[in-house]
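Reader: Please take a close look at the charged side chains that pair with one another, going through individual pairs and giving the cut-offs behind each term.

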Amino acid sequence: MSKTKISATIDRILTIELVRVTERAAVAAARMRGRGDERAADLAAIDAMERELNHLPIDGTIVIGEGTEDAVDHLYLGEKVGTLNGPEVDVAAVALEGATLCAKNLPNALTVVAMATGGSFLNVPDVYMEKIAVGRGYPDGLIDLDATPGENLLALAAAKGVSVEELSVCILDRPRHARLIEEVREAGAAIRLIGDGDVSGVFHTTNPERSGVDIYMGTGGASEGVLAAAALRCIGGQMQGRLVPRNKEERDRIKAVGLKDVERKYGIEDMVPDDVYFAATGITDGNLVRGVHFRDDEIRTHSVVMRSSTGTVRWVDACHQRLEKFHLDR
């Protein structure tokens, strides 16, 4: 089946069907909000997402998921999802982005899925990735992983027509970022530390007026980096990523998936070279999407669904009234 036909088929199903996948996972995880059990919340989201993916008319393969087949039972790398009667697509899924955020009922927990024609996602192993990202509307090549944090901040400030002191940098709150945090503060910018969720952290750069985040910097999961690149490919922005192996085993793991140049910098189109769909639903209230809200007779969800080739961004504010049906497979 040609890519054109695959794209046309996906176009018909994804606007509503893909967001149903993230809605179901978000509601399942939201029932575990604030209960202090990250694993239970994660498993609830994974189970709901896998069930809903298997209703889609696709021949899907999980290329970013929860782990390898020998380590996890659901959404493992290489798992086939969908009815297997439709177009062949790759699926990148994070059923619960920010398990700690959900368990503590803190902002910005999400559920995320991206989908594209086969071979459209950079194949990355379970290692760290150094990342830098900004939103749309800036000159090409504005940011660079090889520049210092101060140099990147000066470039961004000049492009925005503001001082560095007016910028806010989103960074994961991790000991490994101590030096980065110090350099950003020395440059004069403010910092928004987040405990989890670097997909949402990168996504926040696309709407700094609403999120309060101008630029993302730091090191997080490589898979999450590819998902973040998928979001930016749809909505616009700039991003660079570079894999960061911590030892020889991780370096060998990178080479085993065919990435020979371990030091290479990847741009958005390197990580997601083809047309891609992206959907995310809030689990807890956040800067860009609201969380799941339960009422006596309804459930409210808030999602975003995007497509890269058209640049279409749809915000879906859904009211699910038939609650007894919402908890069934379909």
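Author: D275 counts as buried at a relative accessibility of 12%, where buried means under 20% relative accessible area, exposed over 50% and partly exposed in between, with a 1.4 Å probe and protein chains only. This is a predicted model, in which local features need pLDDT of at least 70 and side-chain atom pairs count only at pLDDT 80 or more, while totals for chains, interfaces and linings use all residues. Residues are numbered from 1 along each chain as its sequence is written, and side-chain values rest on heavy atoms, with hydrogens and water left out.

The partner of D275 is R307, and the closest N and O atoms of this salt bridge are 2.7 Å apart; the term requires a side-chain nitrogen of Lys or Arg within 4 Å of a carboxyl oxygen of Asp or Glu. The two residues are 32 positions apart and link distant parts of the chain, since D275 sits in the loop between α10 (268–271) and β11, and R307 belongs to strand β13 (residues 299–307). Helices (H or I, at least four residues) and strands (E, at least two) are DSSP runs numbered from the N terminus. R307, too, is buried, with a relative accessibility of 12%.

Strand β13 also contributes R300, whose side chain meets that of D317 in a salt bridge of 3.2 Å, N to O. This pair again links distant parts of the chain, 17 residues apart, with D317 in strand β14 (residues 313–320). R300 is partly exposed at 31% relative accessibility, and D317 is partly exposed at 42%.

An α-helix has 3.6 residues a turn, so residues three or four places apart point the same way. K248 is exposed, at 62% relative accessibility, whereas D252 is partly exposed, at 37%.
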